Amino acid sequence: YIKIESASGIDLTLANNDAFGSCVITATFKYTSNGAAQVIYSLDASSYRVYINSSTFFLNSSTSTQITASSGDLYRITTTYNSSGEVTNFVAENLTDDTTDTFTGGAPAGSHQGAHGFHIGARQTGLSLNGIISNVSVTDSSTGVNFHLPLQEGSGTKAYDISGNGNHGTITGATWTTEDG
């Protein structure tokens, strides 16, 4: 997983539901096994969070999108949050079969608890993603927390932010791979 504790002068380890403010978070990933909840990204326990449970996408604490996810397929997800951390729009593009599903039902802001920061590919304790992840970005953040991590380093423990903002992440337990060359 990748962990970001501070970005653009904002401490992401504080119990603050609106640490990112209004923003758009995008991630590209593939998961390789069904079953227990698998977190794609999360700001602590359940705020600014997308995860898959029993082949369905869920947002923030536990709002089901009713959008099915298939293990082995490549996805690009785009989640739009308002200034309180509520989800206002979620788009799941299946890049394997070229289909797109959208959820506009909204999801309330999740509870930001503890001091763990933003995680990509896991939650602060457990619930990691069994699969691959790349190209994660936070854009249009009303608090100034903007970054773009392509995750193409190939080795090491630093995920470099190419947005020019210097919001690098720390990588823990990664196995590097190249998908489709």
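Okay, ground rules. Since the model is predicted, local features need pLDDT of at least 70 and side-chain atom pairs count only at pLDDT 80 or more, while totals for chains, interfaces and linings use all residues. Residues are numbered from 1 along each chain as its sequence is written, and side-chain values use heavy atoms, with hydrogens and water left out.

Let's start with the sheet. When I say strand, I mean a DSSP run of E with at least two residues, numbered from the N terminus. Two strands pair if DSSP finds at least two bridges between them. With that, we have an open sheet of 8 strands, in the order 8-7-6-5-12-1-16-15, and the pairing is antiparallel. Who sits at the edges? Strand 8 (63-68) and strand 15 (158-159) do, each with a single partner strand, so one side of each has no neighbour in the sheet.

Now look inside that order, where strand 5 (residues 38-43) meets strand 12 (residues 118-120): they run antiparallel and 3 bridges join them. Tyr 41 stands opposite Ile 120 in strand 12.

Next, a hairpin. Strand 10 (residues 87-94) and strand 11 (residues 99-103) pair in the antiparallel sense over 5 bridges, and Val 91 stands opposite Thr 102 in strand 11. There are 4 residues between the two strands, and Asp 98 takes a positive phi near 60° in this hairpin.

On to the aromatics. Rings of Phe, Tyr and Trp (its six-membered ring) pair if their centres lie within 6.5 Å; planes under 30 degrees apart are stacked, over 60 edge-to-face, and the rest tilted. How many aromatic pairs does the structure hold? There are 10. Take Tyr 48 and Tyr 81, a tilted pair at 4.7 Å centre to centre with 45° between the planes. That pair links distant parts of the chain, with Tyr 48 in strand 6 (residues 47-53) and Tyr 81 in strand 9 (residues 74-81), 33 residues apart. Tyr 48 and Tyr 81 are both buried, where buried is under 20% relative accessible area, exposed is over 50%, and partly exposed is in between (1.4 Å probe, protein chains only).

Tyr 51 and Phe 58 make a stacked pair, 5.2 Å between centres and 20° between planes, and both of them are buried. And here's Tyr 41 again: Phe 20, Tyr 41, Tyr 48, Tyr 81, Phe 118 and Phe 147 form one aromatic cluster.

Back to Tyr 48 for its backbone. Its phi is near 45°, a positive value in a residue other than glycine. Tyr 48 counts as buried because its relative accessibility is 0%. Compare Ser 8, also not a glycine, with a positive phi of about 50°. Ser 8 lies in the loop between strand 2 (6-7) and strand 3 (10-11), and at 34% relative accessibility Ser 8 counts as partly exposed.

Last stop: Ser 46, in the loop between strand 5 and strand 6. Buried or exposed? Ser 46 is at 9% relative accessibility, so it counts as buried. Its side chain joins that of Ser 61 in a polar contact of 3.3 Å. By polar contact I mean a pair of N or O atoms within 3.5 Å; within protein, one must be able to donate a hydrogen and the other to accept it, and residues adjacent in sequence count only if both atoms are side-chain atoms. Leaving aside neighbours within four places in sequence, Ser 46 is in contact (heavy atoms within 4.5 Å) with Asn 60, Ser 61, Gly 110 and Ser 111.
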